[in-house]
Amino acid sequence: MNWWRRHPDHRVAVAPSLLAADFTDLRRDIASMEEAGVDLLHLDVMDAHFVPNLTFGPFICAAVRRCTGLVLDAHLMMTDPDRYLGAFVDAGVDAITIHAESASPLAATLDRIGALGCRRGASLNPDSDIACLEPVLDRVDLVLVMTVKPGFGGQSFDPRGLEKIRRLARLRRQAGLDFAISVDGGVNDRTAPDCREAGADILVSGTWFCEKTDRKGAAGLLRGLSR
Ligand code: DX5
Ligand code: ZN
């Protein structure tokens, strides 16, 4: 079984983005995600420099860790993630995803993440070409394809990501690799089928998923399962 999958029956894993969670009652909100059978949690860390928004850092990630045993993926939208890896590892996240466009050296930072005992994720902005990631595909556990410009939730899905997912799935097959393909931004019940079809393994959904009162049903819709 792949490291990110909790339920062998699921065609794709569902990863709510906590960006849209209820931070006035985070423990309860996370418990409702667990009850809905989500597979992992996506933590959007923004530094107000790499992106024009500021969210949270290791301190909140550690609080999330205390609320749940779910796999935690920290999506670091930071100019220099390399400087903060130790703090996120100490916070107890399971995977750390960095951007190819950050100032940290991509391959060396991914290696450091692995050496620190975390899963290694690499992400790509919508305007960046997959070629930026090709040299490091043999040293990642996860590729996060951005289908919105990073910085804010609630934007609409950029369909250019679908071709990237297809290309990654092809490259993975050709090279005999086994990284997960995750898609992030504007994922909902209407965009999820194309993502699944293209070959995504993990669907990150913030606004759409968190707004749903029937989250079990929402997870089922993202997975393409009948309720
Ligand atoms: C964007 C973040 C995403 C995003 C997901 O910078 O990385 O995780 O907030 O939220 P929705 O689903 O609202 O696009
Ligand atoms: Zn994200």
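In this predicted model, strand E6 (residues 142-146) and strand E7 (residues 180-184) run parallel and are joined by five bridges. One of the paired positions is Leu142, whose bridge partner in E7 is Ala180. In general, the strands of a sheet pair through backbone hydrogen bonds, in either a parallel or an antiparallel manner.

Stepping back to the whole sheet, E6 and E7 belong to an open arrangement of eight strands with parallel pairing, and the order across it reads E1-E8-E7-E6-E5-E4-E3-E2. Strand E1 (13-16) and E2 sit at the edges, each pairing on one side only. On average, and with direction ignored, neighbouring strands of this sheet are turned by 25° against each other. Helix H2 (residues 58-67) packs on the sheet, where its contacts include E2 and E3. The direction of H2 makes about 165° with that of E2.

Phe23 lies in the loop between E1 and helix H1 (26-35), while Phe56 lies in the loop between E2 and H2, so the pair ties together parts that are 33 residues apart in sequence.

Finally, there is the largest pocket, which holds about 310 Å³ of space. It is lined by 25 residues, and those closest to its centre are Gly153, Gly154, Gly185, Gly186 and Gly206. Strand E2 (40-46), strand E3 (71-77), strand E8 (202-205) and helix H7 (207-211) are the elements that each give two or more residues to this lining.

Definitions and conventions: Residues are numbered from 1 along each chain as its sequence is written. Chains are lettered from A and ligands numbered from 1 in the order in which they are written. This is a predicted model: local features need pLDDT of at least 70, side-chain atom pairs count only at pLDDT 80 or more; totals for chains, interfaces and linings use all residues. Side-chain values use heavy atoms; hydrogens and water are left out. On a 1 Å grid over the protein atoms alone, a cavity is a set of points where a 1.4 Å probe fits but cannot get out, and a pocket is an open set with protein on both sides within 12 Å along at least five of seven lines; lining residues have an atom within 4 Å of a point. Grid points are joined across faces, edges and corners, and a volume is the space filled by probe spheres set on the points. Helices (H or I, at least four residues) and strands (E, at least two) are DSSP runs, numbered from the N terminus. Two strands pair if DSSP finds at least two bridges between them. Axes are lines fitted to C-alpha atoms, for helices over the stretch in contact, and angles run from 0 to 180 degrees between N-to-C directions. Contact means heavy atoms within 4.5 Å.
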